[in-house]
Each structure stands twice: as structure tokens, then as C-alpha cells.
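Here is a short report on one protein chain. Keep the sequence and the 3D view side by side as you read.

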Amino acid sequence: MKRILIGLAALVGLVVLAGGLLTSFFPKTWALAEAERRIEAATGRDLTIGGDVNLTFWPALGFSAREASLSNPEGFAADTPFLAADRIVFAVAVMPLLRGNVEIKRLIFDGVDLQLVAKPDGAANWTFPTGENESASSIGDLRLDEVRLTDSSISFDGGDGQPPMVLSSVEGSLRLDSLDQPAQLDSQFEYRGQRLSVTSIIANPRAVLEQGETPLTAEITSNPLAATFDGAFNAATGGLDGRLTANGASLRQLSAWMGSPMAEGGGFGAYRIGAQMARLGQKTRLTDAVLSLDDIQARGALTLTTQENGRMLVTGALTAPNVDLNPYLPAPAAGAEAGVATSTAWTNDTLDLTGLRAIDANLDLNFGALRFPRLSFADVQMALHIAGGAADARLSRISLYSGGGTARLIADGSGPTPRIAVELNAQNIQAEPLLRDAVGFDKIAGRGRLTVSLIGQGASQAAIMRSLRGTAAFNFNDGQLKGMNLAQVARTIQSALGGAQASGGAATDFAEMSATFQIAGGVAATDNVRLLNPFVRLEGQGVIDIGGQSIDMRIAPRAVNSMQGQGGNAAVAGLGIPFRLSGPWSSVSFAPALGDVVQNELRARIGGIMGRQDQTNPLTQLGASLFGQPPAAQAAQSGANPPAPNAPAPAAQPVQQPQNPLANILGNVLQGRDKQKQPPPPPTP
């Protein structure tokens with residue numbers, strides 16, 4: 001043990017003596033000059049050392065210098081260095097040093113400002129000579145085992161006019177045995193407030209310096225994004241081609257990190273992508289892509305292009321088995337599903353469509369099922385166009401409620417107030433589930449045709465419903481008008497005299513029911529409701545307040561003896577009494593409507609709404625204003641003749657109701673009853 005301790009003490013003494021001798025006699029000035037010569041010969045750049053030179057034992061044995069810089073190559077800014085460092089450490093090999101030879105094994109840069117610049121013609125300031133001329137030195141002659149950066153920053157200017165990408169607080173190392181052996185890069189840095197860790201293996205470093213192509217693998221780990229890449233890198237073009245995977249906990253967080261924040265709201269959570277990627281310049285193509293966002297799963301191909309305005313343009317085609325858009329919309333108010341209170345059926349929660357400003361898009365989409373917001377569609381073929389914060393979805397094929405047709409939806413978030421427009425042309429659909437899901441109205445059952453063209457604006461769903469304007473029409477066959485047996489009421493004058501309340505079990509079967517509506521201010525007006533039944537014919541007019549979820553209509557059922565059903569004569573003579581349907585959708589009441597007071601009131605309201613309603617297609621006008629296609633061009637595409645620019649809207653002509661003798665008789669009876677209620681006159685004195 002004593003001998004071991006003596007040996008250790010001698011070794012320590014020898015190390016201390018060697019350190020002292022090295023400190024006293026190390027040729028720092030000569031070593032620095034030799035290092036400068038080799039680096040300048042290998043890089044073809046000027047290395048400038050502005051500070052004192054000191055011997056170092058940590059982090060490596062060698063010497064260090066302060067205020068070091070490496071110049072740009074010819075053709076780039078001469079007054080701006082390629083690399084500027086607060087301190088540079090030259091780590092040397094010990095055994096060659098003892099023989100009087102300086103062999104630099106590692107370069108350690110502290111406080112570096114590295115400025116990478118590319119030009120539109122493909123020239124870059126990070127390329128170096130690699131020994132094409134055997135008589136000249138090259139970067140490979142340095143034979144560095146490692147290059148390390150600490151507390152540094154890196155900026156990249158792609159020459160595209162965009163602000164440089166800046167990485168700060170960089171800690172990284174590049175292990176490089178030779179230019180013909182794989183190099184490993186490990187780094188951590190700050191980018192836009194997030195800390196990223198990047199690990200990469202470059203199979204052929206020489207190709208990077210000679211602007212060739214090399215196999216490349218990379219892995220990125222951060223809070224908003226985790227990604228891997230396995231493919232090839234082309235140093236001449238900056239292109240990448242290989243398999244990409246990426247995922248994260250929140251697409252909303254990723255979008256904000258990338259500079260396109262979304263407004264607060266639901267959805268846009270966990271995301272994942274796997275695809276074959278080919279990136280060149282500002283364009284990235286993703287083929288054989290498998291995408292997921294929240295519960296949505298999709299496959300297809302996409303192209304992502306960074307535009308001059310800074311927004312991403314997404315083009316391509318995707319197929320998904322099931323898409324539910326409700327997580328991305330405000331939640332319905334309590335009780336809206338059950339329709340128990342009309343004041344809460346439309347939510348007043350803020351509707352924010354500013355997320356549409358984050359990207360532009362031209363996509364062909366195919367969905368097995370689509371839900372928006374309570375409407376259910378199937379077998380959907382859609383062309384989606386997003387530009388300037390507005391989305392235009394054209395559904396060229398849909399299956400809905402046992403029928404089919406076409407539709408168009410515009411969601412405009414470009415301005416301070418959201419705007420929504422919808423156009424629907426559906427045939428052979430089931431009326432009850434469609435109307436229930438669309439507007440919460442479940443009083444009509446049947447199958448037939450429905451056309452709708454509506455536009456509304458407002459800060460909430462309720463505000464939009466109160467602002468709706470446009471047109472609608474339906475024609476349903478072989479169904480029921482629920483809540484009242486009109487044939488029975490038309491035959492029972494006594495029931496009419498006392499008024500009638502809608503009954504859950506009562507219903508009027510019909511062979512055909514149709515109407516057209518003009519809509520303004522969230523109120524739909526009609527003067528041509530028609531219902532055909534083997535024992536009753538019905539004509540009606542009135543208004544449906546969509547915003548307030550109420551109805552106020554005058555209907556005139558006529559009892560007849562004809563057994564004709566669909567296609568029967570609506571003008572068949574018969575006795576009947578007009579009724580007024582009014583109240584909230586959840587509890588519609590029926591009462592006699594005698595005289596012209598009610599009819600004139602409804603007729604005035606209908607005329608006012610129709611007079612204010614623009615007869616041109618409001619959705620077409622909105623689409624033209626948002627996406628630049630003039631209304632006349634769109635009308636030509638649809639085969640319609642657009643109205644003259646200054647032509648006045650045709651005035652609404654109310655339907656003339658036929659005289660009803662029974663109504664006159666009943667009116668006299670009611671007047672007599674009122675006279676009986678009055679007190680008798682006082683006796684004459």
C-alpha cells in the first residue's frame with residue numbers, strides 16, 4: 001500500500017510538473033498562427049483573432065482566443081462575418097504537440113453569431129472547398145473530431161424576402177471523423193419561445209459541402225411538435241425527400257407557435273401525420289399520407305406552399321370515413337336538443353371564425369359521414385376553398401335523411417362579424433328528421449324536395465338566426481302535419497268556437513304539402529301554403545320566426561267529399577273555417593281566425609318581408625364578393641338568367657282567399673254571443 005501511495009504521488013507530481021512546463025514553454029503565438037494558417041487554407045476564408053491568446057485545460061487541452069471571426073465567401077456581404085465568436089478554443093492532440101506538431105482535434109465556439117445566407121440562384125455561404133484540386137488544401141484536411149457551439153445563435157436567410165429564421169441559446173456538437181464517414185449532429189436551441197432538441201445523422205458529409213445529395217435521418221423533440229425524418233438531403237437545392245412522421249398534443253398550440261394563432265375554442269387538439277415527403281423551396285408535397293386530428297382520421301395527398309403573404313396554402317385530396325365538425329363550433333345552449341325553451345334553443349356563445357385566416361386551401365374531400373352542426377350527411381363529395389379568412393364548401397354529392405342532393409356552405413371569418421351562408425337542393429328526403437336537426441322543428445313528416453338559399457351574420461348562432469335572409473321552398477308527399485287533425489276541426493264548428501290546442505297525438509295526414517318562403521330578418525314569410533288530403537284541402541299564409549322559434553300562420557282547411565289524394569284539385573269547394581297557428585315551436589296553439597283582421601295583419605307582414613327581400617341569390621352574392629367571381633358569371637354557370645342590375649324586385653302578390661260562407665255565419669254567431677254578454681239597457685223612465 002505504501003508503494004502504491006508513493007507511485008500515485010509521483011504521478012500527480014509529474015502531471016503538475018508537466019502542466020507547469022507546458023504553461024511556461026507552450027508556444028501559444030506560434031500555435032495560433034499555425035491554426036490560422038490551416039483554417040484559412042482549408043476554408044478559403046479569412047480568420048481574424050482580435051483578443052489575447054491563453055492556454056486552456058478545460059473544456060479541453062489547447063489554447064483559446066477571444067473575438068474571433070470567419071469571413072463570408074466572395075459574392076456575399078464582406079462587412080458581415082460568416083461566423084463571429086466571443087471565444088474560440090482550439091483543442092490539440094497531446095502526443096503530436098510533444099513532437100512540436102500542432103494537430104487540432106476539436107473546435108469549441110462560445111457566444112457564436114452564425115449567419116447562414118442563401119441566394120435565389122442557389123449559392124450559399126456555408127459551402128467550402130472539399131479537395132477537387134489535389135494541390136490545394138480543403139476543409140477535410142482539418143480532420144476535426146468535433147465542432148461544438150455553446151451559448152450561440154444561428155440565423156438563416158433563405159433569400160426569399162422573408163424575415164430570417166433565428167435560433168437562439170444554441171448548444172450543439174458535430175462529431176466528424178472524416179468527410180467520407182457519417183457525421184452526427186446533436187443540438188438544443190430556442191425557436192419562437194420553445195426549446196427544441198434535434199439529433200441528426202448525415203451519411204455523407206462531403207456531399208453537403210460539395211452541394212450533392214446524402215442520406216439523412218433527423219429527430220426533433222419539443223413541446224408543440226415531435227417529428228422524425230428518414231430520407232435524403234440535396235445540398236444544392238435544399239430539398240428533402242423521405243418518410244416523415246409528426247405528432248403533437250395540440251394543433252392549436254402548434255399553429256400559434258408557427259405564427260398563425262387561432263382564437264380560443266374547442267377542437268384542434270391532438271394531431272398526427274405520416275407521409276412520404278418531398279420538399280423543395282417553399283413547397284412541400286405529402287403523398288401516401290395518413291392524417292389524424294382529434295377523432296378525425298383521413299388519407300390522401302397534400303401540397304403545402306408558403307405564400308408571399310405568409311399564409312400556408314394547402315391543396316390536394318383527402319378521404320375520411322367520419323367527420324364531426326361540432327367540436328370546432330360553439331356548444332349548443334342547455335335545453336337546445338330537447339327544444340324545451342325557445343329562448344335557449346339558439347346559443348348566444350361567441351362564434352369565432354378567425355381560425356380560417358391561418359391558412360388558404362383548395363381541397364377535394366370525400367367523407368363517408370359528415371355532421372354539421374346537428375345535420376347528418378353521408379357519402380359526401382366536397383370541394384373546399386379557403387382564402388382570406390373565408391371558406392367555401394361546395395358539396396357536389398351528398399346523401400342525407402334517406403335522400404340526396406347538392407349543397408354549398410360559406411363561412412366568412414374575414415371581417416369583424418362572422419357571416420354564414422348555406423344553399424341546399426335535396427330530393428326524396430325525410431322531412432321530420434331534417435327539419436328537427438336543422439332548425440328544431442318537428443311538426444312535419446313526409447318525403448319530398450327541399451331547396452334553401454340563406455345568408456346570415458352575427459357574433460353568435462342566435463344573432464345569425466335572427467338575421468337570416470334568402471329563400472326556401474319545400475314539397476313533401478305522403479306525410480303528416482302533427483299537432484292537429486284539420487279534417488276533424490273543419491267539420492266540428494263547436495271545437496272551433498272554443499279554440500283548440502295542439503295535441504301530441506293529433507295529426508293531419510296529407511298526400512301533398514308545399515310552400516315557398518321569402519326570408520328577411522330571420523323571419524320566413526309565405527302566402528302559398530298548400531295541403532292536399534282525401535278529406536281536406538288547405539291553403540295558408542303567414543310567417544315563421546326562425547330567430548325566435550315561433551310561428552304565426554292563417555290556414556284555411558276545407559272539408560270535401562273527394563277521395564283524390566296527391567295531385568287533387570286544391571280549389572275543390574267545401575265548407576271550412578280558417579284557423580290561426582301561433583306560438584313557439586315547442587307548443588303551437590290553434591284558434592279560429594275570423595274576419596279580415598288576422599288575414600290583413602299576416603298579409604301586411606308578408607308583404608313587408610317580401611318587399612325587403614333582395615330577389616337575387618344572397619349566397620351567390622356573398623361568394624362573389626369573397627372569392628372574386630361576379631354574380632353574372634356564376635348565374636351563367638348554373639344556367640340562370642341574372643336580373644338586370646337596376647331592375648326593381650317584383651312586388652309580392654298576396655293570394656286572394658275565396659269567400660267562406662261558414663265563416664260569415666260563425667262570425668254572426670260570435671257577435672251575437674258578445675251582445676248577450678253586454679248588460680241590458682236601463683229601463684226608460
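L581 stands opposite F590 in strand β31. The two strands here are β30 (residues 579-584) and β31 (residues 589-592), which pair in the antiparallel sense over 4 bridges. Strands pair if DSSP finds at least two bridges between them. A hairpin of 4 residues joins β30 to β31. Strands (E, at least two residues) and helices (H or I, at least four) are DSSP runs, numbered from the N terminus. In a regular strand, side chains alternate between the two faces of the sheet.

This is a predicted model, in which local features need pLDDT of at least 70 and side-chain atom pairs count only at pLDDT 80 or more, while totals for chains, interfaces and linings use all residues. Residues are numbered from 1 along each chain as its sequence is written, and side-chain values use heavy atoms, leaving out hydrogens and water.

P584 also lies in strand β30. At 32% relative accessibility, P584 is partly exposed. Buried means under 20% relative accessible area, exposed means over 50%, and partly exposed is in between (1.4 Å probe, protein chains only). P584 and I544 are 40 residues apart in sequence, yet their C-alpha atoms are 9.8 Å apart in space.

**Salt bridges**

How many salt bridges does a search of the whole structure find? The search finds 15. A salt bridge is a side-chain nitrogen of Lys or Arg within 4 Å of a carboxyl oxygen of Asp or Glu. Side chains of opposite charge can pair when their charged atoms come close.

| Pair | N to O distance |
|---|---|
| R397 and D379 | 3.2 Å |
| R408 and D392 | 2.9 Å |
| D412 and R419 | 2.8 Å |

Take R397 and D379, which form a salt bridge. R397 lies in strand β20 (residues 390-400) and D379 in strand β19 (residues 376-387), so the pair ties together parts 18 residues apart in sequence. R397 is partly exposed, at 33% relative accessible area. D379 is partly exposed too, at 37%.

Next come R408 and D392, whose side chains meet in a salt bridge. R408 is in strand β21 (residues 403-412) and D392 is in strand β20, 16 residues apart. Both R408 and D392 are buried.

Then there is the salt bridge of D412 with R419. Is D412 buried or exposed? D412 is buried, with a relative accessible area of 2%. R419 is partly exposed, at 25%. Elsewhere, salt bridges that share partners join R106, E146 and R148 into one network.

**The nonpolar core**

A nonpolar core is a set of buried Ala, Val, Leu, Ile, Met, Phe, Trp, Tyr and Cys residues joined through side-chain atoms within 4.5 Å. The largest one has 125 residues. F90, M382, L400 and I444 have the most contacts inside this core. Strand β5 (residues 104-117) gives the most to the core, with 6 residues.

Now look at F90. Its contacts (heavy atoms within 4.5 Å) include L32, I39, F63 and L107, not counting residues up to four places away in sequence.

**A buried serine**

Where is S250? S250 sits in the loop between β12 (239-248) and α5 (251-257). S250 is buried, at 18% relative accessible area. The side chain of S250 reaches the backbone nitrogen of R252 at 3.4 Å. S250 also touches F268, G269, A270 and Y271, again leaving out residues up to four places away in sequence.

How values were computed
A polar contact is a pair of N or O atoms within 3.5 Å; within protein, one must be able to donate a hydrogen and the other to accept it, and residues adjacent in sequence count only if both atoms are side-chain atoms.
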